[in-house]
Amino acid sequence: MKKIVTRTLSFLVLCAILCGGAWATGEELVPVGEPIGILLDVQGVLVDSLAPFEGPGGKVSPAEEAGILPGDLLLTLDGETLTGIDDLNAALVGKEGTPVEVTLLRKGRTATLSMTPVSDPALGITRLGINAGETLSGIGTVTYYDPTTGKFGALGHAIGVVGTQGVAIDGGEVYRVALSDIQKGHPGKAGELHGSITGDPVGSAEKNTPVGIFGKLDDPLTAADPIPLGEAVPGDAQILCSLDGTTTAYGVEILKTDPQSRVRNITFKVTDPDLLQKSGGVIRGMSGSPILQDGKLVGAVTHVLVNQPDTGYGIFIENMLDAAR
């Protein structure tokens, strides 16, 4: 069983948007509220952490000296496209002691840095001094499902490590999740869901965007019926999520709306005593939880206010659908 924690969703929690193509279902979607595990294959080499090593002259990390940071996505090395770790290792062959230029993506912007690879005598290879990966992972909540196309939307923001936004992916897979425990939120410390993916994939991920993860489900994850879409307004509402294996609607109050924001359109406060007792409010892993008002799907949870865990942000459902188109 693969273990997934929600560290990669620190600026995140699962939300939703249609993946590709024109909007095909008119005015109704199925609100889901079920957690899923997501594994995404990135287009490039993701810097998980800096890793100084013993070189010929002592401990060194060329990447750290050049200003590389955890979360950077390495795209090219001396003009050679990096699609994964094998490409990086191949591009470093024969480059010991030779300055190279690395193009990277950081916080949605590209930059080029120069560094000099160093030989690692212990391994017999040339290195930059990083721990690298080819995948992103996390737990989040599915916002909606389209029964006519199988499309789903989740997350309301991108998956990445801290600082990344909408890292391009080469596809990915989504899985059911067995939740193991809940870390409650407290002022100054966000809570989070912990769990493990189980079984075979239940669908595919196709896009990782600043407003959500999009793809197609082979399993709808719910027997709920489609409901109309609506416009969020201040007042009573519900968020739909599963914290203990049962999808439940919890009471919230929409405090205000902001049509000018891209993703923080809705500010809401958790009023349901059961949810406050279970989680302390909004926690990581709840991103993408559908927001319902007057029997309509109006948005999805995206962020928690760390200093006020009973308060969160959401995105308008129409902004998700606009991005889907």
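How many salt bridges does the structure hold? The structure holds seven. A salt bridge here is a side-chain nitrogen of Lys or Arg within 4 Å of a carboxyl oxygen of Asp or Glu. Side chains of opposite charge can pair when their charged atoms come close.

Before you select anything, note that this is a predicted model: local features need pLDDT of at least 70, side-chain atom pairs count only at pLDDT 80 or more, and totals for chains, interfaces and linings use all residues. Residues are numbered from 1 along each chain as its sequence is written, and side-chain values use heavy atoms, with hydrogens and water left out.

**Stop 1: Asp-72 and Arg-106**

Select both side chains. They form a salt bridge, with 2.7 Å between the closest N and O atoms. Asp-72 sits in the loop between helix H1 (62-66) and strand S6 (73-77), and Arg-106 in strand S8 (residues 100-106), so the pair ties together parts that are 34 residues apart in sequence. Helices (H or I, at least four residues) and strands (E, at least two) are DSSP runs, numbered from the N terminus.

Now colour by accessibility. Buried means under 20% relative accessible area, exposed over 50%, and partly exposed in between (1.4 Å probe, protein chains only). Asp-72 counts as buried, at 1% relative accessibility. Arg-106 is partly exposed, at 28%.

**Stop 2**

Select Arg-127 and Asp-120. Their side chains meet in a salt bridge (2.7 Å, N to O). Buried or exposed: which is Arg-127, and which is Asp-120? Both Arg-127 and Asp-120 are buried.

Glu-96 is in the loop between helix H2 (85-92) and S8. Glu-96 counts as partly exposed, with 48% relative accessibility.

**Stop 2: Lys-151 and Glu-206**

Go to the salt bridge between Lys-151 and Glu-206, where the closest N and O atoms are 3.7 Å apart. This pair links distant parts of the chain: Lys-151 is in strand S13, Glu-206 in strand S15, and 55 residues separate them. Lys-151 is buried, with a relative accessible area of 18%. Glu-206 is partly exposed at 36%.

**Stop 3: the nonpolar core**

Select Leu-40 and Val-174. They have the most contacts inside the largest nonpolar core, which has 23 residues. Such a core is a set of buried Ala, Val, Leu, Ile, Met, Phe, Trp, Tyr and Cys residues joined through side-chain atoms within 4.5 Å. Which elements give two or more residues to this core? They are S3, strand S12 (130-145), strand S13 (151-154), strand S14 (169-183), strand S15 (192-209) and strand S16 (212-217). S3 gives the most, with five residues.

**Stop 4**

Asp-41 is partly exposed, at 37% relative accessibility.

**Stop 5: two positive phi angles**

Select Asp-78, in the loop between S6 and strand S7 (80-81). Asp-78 has a positive phi of about 50° although it is not a glycine. Asp-78 is partly exposed, at 37% relative accessibility.

Then jump to Leu-221, in the loop between S16 and strand S17 (227-228). Leu-221 is not a glycine either, yet has a positive phi of about 70°. Leu-221 is buried, with a relative accessible area of 9%.

**Stop 6: far in sequence**

Select Val-30 and Leu-229. They are 199 residues apart in sequence, with 9.9 Å from C-alpha to C-alpha. Val-30 lies in strand S2 (residues 28-31) and counts as buried at 3% relative accessibility.

Last, select Thr-148 and Leu-29. Along the chain they are 119 residues apart, and their C-alpha atoms are separated by 9.5 Å. Thr-148 is in the loop between S12 and S13. Buried or exposed: which is Thr-148? Thr-148 counts as exposed, at 59% relative accessibility.
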